[in-house]
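Thanks for coming. I will go through one model, beginning with a loop and then moving to the overall numbers.

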Amino acid sequence: MVIMLAAFSIIYGEYILLDSRLCEGSPKLGGLAEKLGFLRQHNLVETPPSYIQKVVVDCLNSVLELTKCVVELKQCPYYSPPSSIILALPMATYWIATTLINVSAACACDAHFKVLHQNELEELSALIAKILAMFSPELAKKKAEESFQILRHAWYSNSSNKIQLFKLMFNVMDDDEAIFQRRIFHWYNAAWTTEDEHHFEKVKEGMHELFVLKDPQRRLLPQFTRFVKEELFPNLKMRWGEEAILVSIDRKGRIAHPNVMHMILTWNYGYIEKNTIGVQRLYNITPLVAKEVKEGTSGVNRVVPEIDEMIRDFLHDMHDRINDWAHLVERKIEKVLDESTPYHSDREKDLWQQETTWSLHLPVPKFQSYQAIGKLINVWIQEEIYIFLYGGNGMQWVQEFPSKVREVGSITQLNIELVYVGRNKKIRRIIDEKRMSHSPLHNSTRVWWFWTRLQNMFLSRIHYLDVTNCPVKEYKNDEILQGLNGLRKHEYNN
């Protein structure tokens with residue numbers, strides 16, 4: 001096909017040069033045409049009527065479009081066309097050759113015969129249009145599959161970066177085009193509920209800056225939507241649009257976490273930075289070594305009077321060396337972290353591996369946004385006080401329960417504290433007025449945050465069990481998951 005097109009281009013090029021009308025308008029072109037005509041023993045051809053020229057040009061455009069289509073369908077590394085299309089490719093090549101021969105013949109003859117070729121070229125153009133109509137949908141599928149596979153490779157490859165990735169995800173015409181805009185912190189969607197607004201505020205707390213895609217309906221490319229559904233969430237049971245999805249990527253465009261929303265709503269940013277990657281417990285080695293060295297050299301001062309000074313110099317030198325080495329490691333870690341993200345599946349895994357038992361400090365941490373209840377609960381945990389979290393909407397039950405618990409505590413001589421974490425505003429107010437128990441969640445936002453974080457911690461724990469290849473049937477034996485689930489059930493009962 002390539003040789004055939006090359007041969008035709010020479011024939012058609014000669015025709016253009018020998019066109020008498022073109023030669024009249026350009027002295028240089030006219031001279032070249034005369035030399036070519038002398039060499040080929042042709043005179044300048046007579047220009048055909050304009051309507052015949054249009055037929056020739058339209059026919060050639062159709063042939064070129066079909067040729068591109070055939071070539072692309074023959075080269076399908078990611079997509080296999082149906083057998084009907086594969087079997088039709090040789091026939092399409094035949095009609096391309098037939099059309100080129102007819103156009104070449106039309107160019108070589110005089111104006112009278114060009115008129116006779118008009119009908120044939122029109123019929124061939126109509127036939128090629130039918131073939132294109134059959135090939136075009138398959139070519140569109142082939143291009144869509146190629147775009148998807150290229151995007152997939154970019155997400156999972158180490159050779160790409162965020163800029164390259166964004167170009168494959170979003171419809172960008174210019175490299176300098178701004179496709180994101182920074183949202184001010186008071187921006188909300190008019191359709192949001194109060195709970196949606198609370199959710200959005202908590203997500204923002206986990207981000208340094210928040211940028212929103214301009215005109216997402218126009219920007220998002222189909223292959224990206226498909227990638228999200230098939231690769232990131234292949235087993236997602238919810239309906240799209242019901243729950244927020246927040247994919248975390250690093251600076252190279254690699255997926256750091258398929259949905260970091262649960263992680264953001266579970267752990268404070270500073271807590272993640274402090275408790276995941278870093279040099280731990282090295283600075284406490286010196287006292288341990290000093291103890292061992294002194295015990296191992298006891299009595300040596302009788303024969304080596306300066307042993308205490310030697311030990312002191314040794315420990316001082318060791319301390320400096322340990323500090324220098326730890327600082328070197330920390331600098332290397334910081335360099336890596338500058339190019340990564342705190343919201344990474346590995347970091348979530350590290351955080352959960354530090355939690356070995358179920359305890360109230362998990363649902364009630366000492367984060368800044370949790371100080372109202374977290375500080376109180378954690379002090380009681382240290383003092384080994386028995387803690388009751390309770391809720392409920394029944395006024396009589398809420399009044400009777402604290403008194404009965406305290407009565408039991410008095411009989412058994414147990415130190416007990418009660419905390420109301422229910423959503424009922426009226427009951428919270430009565431508890432505070434009568435000082436029936438503690439009610440540190442003073443407003444709807446704090447109550448919402450307590451139960452939302454509990455739900456997201458539960459989902460984060462499931463993600464951790466999943467990435468550590470824990471069988472689903474073993475979930476019931478996970479103490480932490482069952483503890484979180486037990487609290488969740490109380491909210492649903494309320």
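Where does Q413 lie? It sits in the loop between α17 (395-412) and β6 (416-420). Keep in mind that this is a predicted model. The phi angle of Q413 is near 60°, a positive value in a residue other than glycine. Q413 is exposed, at a relative accessible area of 73%.

R435 is another residue with positive phi that is not glycine; its angle is near 50°. The loop holding R435 runs between α18 (425-434) and α19 (444-467). R435 is exposed too, with 74% relative accessibility.

Now the whole chain. The protein has 20 helices and six strands. It has 494 residues, and 38% of them count as buried. The accessible surface is about 30200 Å², with 54% of that belonging to carbon and sulfur atoms. On contacts: taking those with a separation of 6 or more, 69% are between residues 24 or more positions apart.

Which residues of α10 are buried? In this helix, residues 222-232, they are Q223, F224, F227, V228 and L232. These residues cover an arc of only 140° around the axis, so they are on the same side of α10.

Last, the cysteines. C59 is buried, with a relative accessible area of 0%, and C69 is buried as well, at 3%. How many disulfides are there? The count is zero, where a pair would need its cysteine sulfur atoms within 2.5 Å.

That is the end of my part.

Terms used
Residues numbered from 1 in each chain as written. Predicted model: local features only at pLDDT ≥ 70, side-chain atom pairs only at ≥ 80, totals over all residues. Heavy atoms only, no water. Buried < 20%, exposed > 50% of the residue type's maximum accessible area, 1.4 Å probe, protein only. Helix = DSSP H or I, 4+ residues; strand = E, 2+ residues; numbered from the N terminus. Contact = heavy atoms within 4.5 Å. Areas by Shrake-Rupley, 256 points an atom, 1.4 Å probe, with all protein chains shown as cover. Arc of directions from axis to C-beta.
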